[in-house]
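This report describes the pockets and a surface patch of the structure shown below.

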Amino acid sequence: MPEMTDVGGTTLSTDDNGGWLAEQAWFDPPLSQGTGGGVSALFERPDWQQGINVPGGEGKRLTPDIAAVADPFTGVQIVFNQQLIVGGGTSLAAPVWAGMAALMNEYVLDHGGSLIGDLNPLLYHIAEGTPLPAFRDITLGGNAVANAGPGYDLVTGLGTPNVENLAQNILVTQKVVG
C-alpha cells in the first residue's frame, strides 16, 4: 500500500552507555535475513516521492521509507517469559517506529501543534531540508537488491531518525505549511 510507511532495517553499534557509534544496512546472507526494499511492480509513485531518482524506479512506489535497528544480533532487549533476550527483524523495526510516532505526536500536541496524521509526506518534506537534521543517512551495507548510499536508497530509505529533531521539524512544518 503506497500510504503505509515502510520500515527497513539496520545493524546498530553502540557504546557501553547505549550511545550511537555506527550503523549500516542489515543483511545476513547465511541466515537469509535482512532489510527489504525495492521498486513496486504494482503501485504508482506517490506525489511525496516524486523528487527521488533511483535507477529502475521510474514512476513506481519506492521502499523502504525509513529504517530502524532490526538486526537480531544488535537489536532491542526484550523481556520474554521472565528472560532477557535480544529481538530483531523489520517486524520489530516497524513497531519501534510506531512507538516513536506516538511520542512525536505527544510532543507536537504538547507544543501547540496538531496530530501528525499522514506521516510519509512529512518525512519526505523534512528530508528535503529543515532547520534540524532529522535523519541519520545510512550509507554502508546493502541487501539482495541494492546498496545503501548517500540520500534516499532502496535499502534504508531516508535513514534512521533523530526523534527529537524530527518532532521539532514536524512542529515547525505544521506551523509554516499549515
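## Largest pocket

In this predicted model, the lining of the largest pocket comprises 11 nonpolar, 6 polar and 2 charged residues. The space within the largest pocket amounts to about 260 Å³. Its lining consists of 19 residues, and those closest to the pocket centre are Tyr 124, Ile 126, Ala 127, Glu 128 and Leu 158.

Among the contributors to this lining, helix H2, which spans residues 119–127, gives the most, with 3 residues.

## Second largest pocket

A set of 14 residues lines the second largest pocket, and Leu 12, Glu 23, Val 69, Arg 136 and Thr 160 lie nearest its centre. By residue class, the lining of the second largest pocket divides into 8 nonpolar, 4 polar and 2 charged residues.

Several secondary-structure elements each supply at least two residues of this lining: strand S1 (7–14), strand S2 (20–25), strand S7 (66–69), helix H1 (90–110) and strand S11 (160–161).

## Nonpolar surface patch

On the surface, Val 172, Val 176 and Val 177 form a nonpolar patch, and together these residues have about 290 Å² of accessible area.

Key
Residues numbered from 1 in each chain as written. Predicted model: local features only at pLDDT ≥ 70, side-chain atom pairs only at ≥ 80, totals over all residues. Heavy atoms only, no water. 1 Å grid on protein atoms, 1.4 Å probe; cavity = no way out; pocket = protein on both sides within 12 Å on 5 of 7 lines; lining within 4 Å. Points joined across faces, edges and corners; volume = space filled by probe spheres on them. Helix = DSSP H or I, 4+ residues; strand = E, 2+ residues; numbered from the N terminus. Nonpolar A, V, L, I, M, F, W, Y, C, P; charged D, E, K, R; others polar. Patch = residues over 30% accessible without salt bridge, like charges linked within 9 Å, V, L, I, M, F, W, Y side chains within 5 Å. Areas by Shrake-Rupley, 256 points an atom, 1.4 Å probe, with all protein chains shown as cover. Salt bridge = Lys/Arg side-chain N within 4 Å of Asp/Glu carboxyl O.
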